Amino acid sequence: MLPPQPLLHAAVFALAALQALASDTFTAAVYEHAVILPDATDKPVSPEEALALMNKNMDVLEGAIKEAAQQGAQIIVTPEDGIYGWRFIRETIYPYLEDIPDPAVNWIPCTDPTRFAPAPVQERLSCMARNNSIYVVANIGDKKPCNSSDPGCPSDGRYQYNTNVVFDSEGKLVARYHKYNLFMLETQFNYPKEPEAVTFETPFGKFGIFTCFDILFREPAVVLVSELQVDTVLFPTAWMNVLPFLTAIEFHSAWAMGMGVNFLAANTHHTNMSMTGSGIYAPDGARTYSYNMKTEDGHLLVAELDSHPRLSPASPPAVNWSSYALSVERFSPNDHEFRGLIFYDWFTFTDLTKPEGNLTICQKDLCCHLSYKMAGKQEEEVYVLGAFDGLHVVEGHYYLQICTLLKCQSTDLNTCGQPVETAQTQFEMFSLSGTFGTNYVFPEVLYSGVQLAPGEFEVLKDGRLISKINPTKGVITVTLFGRWYEKD
């Protein structure tokens, strides 16, 4: 039965209006915040003192939000720990926490601040979003009472969660995410009983959200992208950089490329803890990024992105990560195989003894193939090809397969894998591939000075990471970072 003609016209008009509101692109912002930290103490401060510190940080964030809105940004992401910092134990963080309701309650704290328990932080964040007509993403703490009938209830009678919140441009709470994969230092927080996969719709795409250490695990990170098909991931983080291939900008950019989504990463800024590196990343590379270990300033980044990157003509094709490497015979065997340590994992290395050539190095089931030609090889600089195939077990348990070309810290091969920030040797060409057992592989190229190389490399359908043009700077590392989730 057909609907009456007026209703049909109304439905067509409503659909047309929705399509008109939808946008092919949007402007995003992230803010790297030099957080004002509390004094280290083993005794809780008063709620008033806690709020005073949080307001100091929110004063800074509000300035960044206003500036982002003036530059046309429709959404801004702020860092993990960006409102109260760290230096907490379970008891001392409690005055900084608020009870954050389920977004299903349809609440605008800015216009109805007394509807729930006192929530001055949520009220202020809501007003920042509403007053500037911008989506605001922030990281705060949630508290939830529990009792003895709950076998998981902590002895103090409450759950405490590291929590991301999202307020839309009207100031409404539209998303709440409790961090599931806590870093080993986060003893002040609990993790939820089940991992949460949080998404929300906007006129400029479908968004998902998680926090920092979550990125290395299947739940929620892969679930959001592969199963729930989000367009853009929001990522508040407090990322401590680990060279040569777990520096924030390179890994986050690589993750966006490997997963085929937009990625908005906002880091805290604290150089004494090697915390820096924020960016706005698309599947075809970084749109803008910042890495600054020299000053203690915060930094705002703004860039335009495709609302639906999978539909974009610039979206990279699907990759069979092991196709090429499995089809070729092993390159000439090497006589220089040795072991080296990178971030607590023992790699198998071979050094590049000639200015050009083909090399293979293997560990367990992973063989890494490299074709290369150096340009202006520096005598005091040594490069190696490395492979790692195994379970990383230090601050978490996760299975890795990694192929990497990297510069050693010195001519002493015992330094290969140790942090390096500068290089002079450029590569006229490189092609890196591996016999990966996983489809989740993240391609990275890092230049001297901890700089990305957008537009200067590409990944072919058969899994080769190749140079597109002669690199313009010295190479620190070229890496294929694989995560084999099923083997964890």
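These legends walk through a few close-up views of one predicted model. Because the model is predicted, local features need pLDDT of at least 70 and side-chain atom pairs count only at pLDDT 80 or more, while totals for chains, interfaces and linings use all residues. Residues are numbered from 1 along each chain as its sequence is written, and side-chain values use heavy atoms, with hydrogens and water left out.

**View 1. Phe-245 meets Phe-481 edge-to-face.**
The structure holds 36 aromatic pairs, and here is one of them. Rings of Phe, Tyr and Trp (its six-membered ring) pair if their centres lie within 6.5 Å; planes under 30 degrees apart count as stacked, over 60 as edge-to-face and the rest as tilted. The centres of Phe-245 and Phe-481 are 5.9 Å apart with the planes at 65°, so this pair is edge-to-face. Phe-245 is in the loop between β8 (232–237) and α6 (248–259) and Phe-481 is in strand β24 (residues 475–483), so the pair ties together parts 236 residues apart in sequence. Helices (H or I, at least four residues) and strands (E, at least two) are DSSP runs, numbered from the N terminus. Both Phe-245 and Phe-481 are buried; that means under 20% relative accessible area, with exposed over 50% and partly exposed in between (1.4 Å probe, protein chains only).

**View 2. Tyr-383 and Phe-427 make another edge-to-face pair.**
Here the rings sit 5.2 Å centre to centre, with 80° between the planes. Tyr-383 belongs to strand β17 (residues 383–392) and Phe-427 to strand β19 (residues 426–434), 44 residues apart. Tyr-383 is buried at 0% relative accessibility, and Phe-427 is buried too, at 1%.

**View 3. The charged end of Arg-158 sits over the ring of Tyr-94.**
It's 3.9 Å from the ring centre. To count, NZ of Lys or CZ of Arg must be within 6 Å of the ring centre and within 35 degrees of the ring normal. Elsewhere, Lys-487 lies over the face of Trp-484, 4.7 Å from the ring centre.

**View 4. A disulfide joins Cys-110 to Cys-127.**
A disulfide is a pair of cysteine sulfur atoms within 2.5 Å, and a search of the whole structure finds 5. In this one the sulfurs are 2.1 Å apart, and the link is right-handed, with 100° about the S-S bond. Cys-110 lies in the loop between α3 (90–93) and α4 (120–132), and Cys-127 in helix α4.

**View 5. Cys-408 and Cys-416 are joined by a disulfide.**
The S to S distance is 2.0 Å. The torsion about the S-S bond is about 95°, so this disulfide is right-handed.
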